[in-house]
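Dear colleague,

I am handing over the structure below, and I would be grateful if you could look through it before reading my notes.

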Amino acid sequence: MNRTIISSAVSMQALQQRLDMIANNIANMNTVGYKRQETSFQDVLTSTLNLHPNMQSAGRATPLGLTVGGGARLNGFRIDLAQGALKQTDRALDLAIEGPALFEVVVPIVDEQGEPVQEGDGQAVEVVWSRGGSFQFSLMQDMPGFKILTTAEGYPVRTVTDDYVVVPGNAEVQIDASGVVTYTNEDGDVMSAGRLKLMRVLRQDLIAPMGDNLYRLSPGVQDQANVLELVNDAVAQQQGIAVRQFALEQSNVDLTSEMTELIMVQRAYQLNARALSAGDTMMNLANQLRR
Amino acid sequence: MIRGLYTAASGMLAQQRRHDAITNNIANMLTPGYKQDTAALRSFPEMLIHLMGPDARSGQPAPQIGTLYTGVYMDELLPSFTQGDLTETKKPGDLALISNIGVQYNGQQVAFDQSGKAVIDGQVIYQPQAFFTVLGADGERRYTRDGRFHLSETGQLLSVNGEPVLGVDGEPIEVAGLTLDQIRITENGTLVVQTEAGVQVLGQLLISRVDNPYELIREGNGNYRLSEGAAQPVAVTAEDQVAVRQGYLERSNVDAAQSLVDMMTALRLYEANQKVIQAFDQTLDKAVNEIGRV
């Protein structure tokens, strides 16, 4: 009875976590750039009972010994980086990426108090990657009259030459499908401000989300080149990678499949609860053997 | 003590163990590649019963009544290897195995029952099953139906537990410089990639054919291992009806309705045994308290 109760409790806990994940996906259905999370189950072995060789009885089909299961647990957590639908907006700095790629973004490293960490004569920074979103122009203290392209939180975006995108203060930019940023200056000439750096994702499970639509390498990655690859024209064409201006990427949550999964998990939870209450009834029966 | 008291107690214990096994099945209803277990009970030990005292007429020793089973225990957990349903996940790393291996006996095709067995001329024949082969941490092979694979950083194909998946050459499969969505896995487990030069073969998954799947020992985490002394399984051939489907996962083959009915039966049998013990208790109560009353 104890084994039943423990096994059911363990499995219900796993199902509860799965339910939480589904609820999180559904809640974020309308969040720009949200990538759905999924996981699955695996069986748990509690113990192997070795039986005495004398118990090898005639007609026994399986090897001597009893492998006792202990329920199910969650395993195989992954973030599904499938493309979300693109929604058209009329904002020039709403950028979305088509295909398995990410922008390169620089964030300052802060310590636990939130103070920026100094490194050498500047600030310590970390290179992370972004899926796009509502970018903006930020003013720069040391270059008045110019503005720099940043994410909505103010992290600068990098170009293929590892520089930032700097344009004059009143310029309007066009960004084409390969990420080249152009603007028109006062003389009417079209100037290029650089090409946005795109990195193609080779190993989806080795990048970890940081929030704000940002991703960093998972801890334990030996070499960044195994996980991310610079996108040039050949790669962009082969993989169908493009930058879209005036567009925002919606979440990739499919409500139908989430609801179906929700129903199955709910019913499994119900059955496990039934098993647990049956175990409880059995314990009650044992207790009532002798009043 | 009355014999039947211990028999009923062993009955309660056996039903409890059976209930545990059914609960484990229900708990793993959503586990991909899980094969359900059925508990098999066995009665033990046998006892030869004689009448008490010598025979009244002839004076010979007491005649036999017959054999009595004085206990029951859960002997083994029999796995059921029926094919689970396939569910589409559209992930290039998710593989499902469809296994329907036929066997010839005396020139005739054997028809297996639902549990994967056939009894012909007193011989028990088991239906062979196909499994993916992975390399366990101890260097021994493990077998699994859970086809959730991914690529490591260096391009090694790994199972969901992080074990390398073996190819037909017995070595882990390595695909350097490629992503899973570029790789297509055909029905016989061959990994191919489309390049400008044409279709390039990267390797082939080792799909092991286990002739007697009842000899496998469940290890947990979706893996099975061979029992000691069992022969190492060979790879499936083209004649075996085994297919690999990319983008699909095999669901658990647990039948929820049947499991619930079995669970209710186990509970009621537990209760019935409990009533038997209570009846014996009342009988002993009479013997102890009323017969000897002064």
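Predicted model: local features only at pLDDT ≥ 70, side-chain atom pairs only at ≥ 80, totals over all residues.

Residues are numbered from 1 along each chain as its sequence is written, and chains are lettered from A and ligands numbered from 1 in the order in which they are written.

Chain B holds 2 helices and 23 strands (DSSP runs, H or I of at least four residues for helices and E of at least two for strands, numbered from the N terminus). Its radius of gyration, taken over C-alpha atoms, is 27 Å, well over the 19 Å that the globule rule (2.2 Å times the number of residues to the power 0.38) gives for 294 residues, so chain B is more spread out than a compact globule. The C-alpha trace of chain B spans about 100 × 45 × 35 Å along its principal axes. An automatic or database domain assignment divides chain B into domain 1 (3-79 + 255-291) and domain 2 (86-250), whose C-alpha centres lie 40 Å apart.

The contact between the chains takes 45 residues from chain A and 44 residues from chain B, two residues being in contact if their C-beta atoms, placed from the backbone, lie within 7 Å. On the side of chain A that touches chain B, α1 (2-27), β1 (37-49), β2 (66-79), α2 (224-227) and α4 (255-287) of chain A each supply at least two residues, and α4(A) gives the most, with 11 residues.

With best wishes
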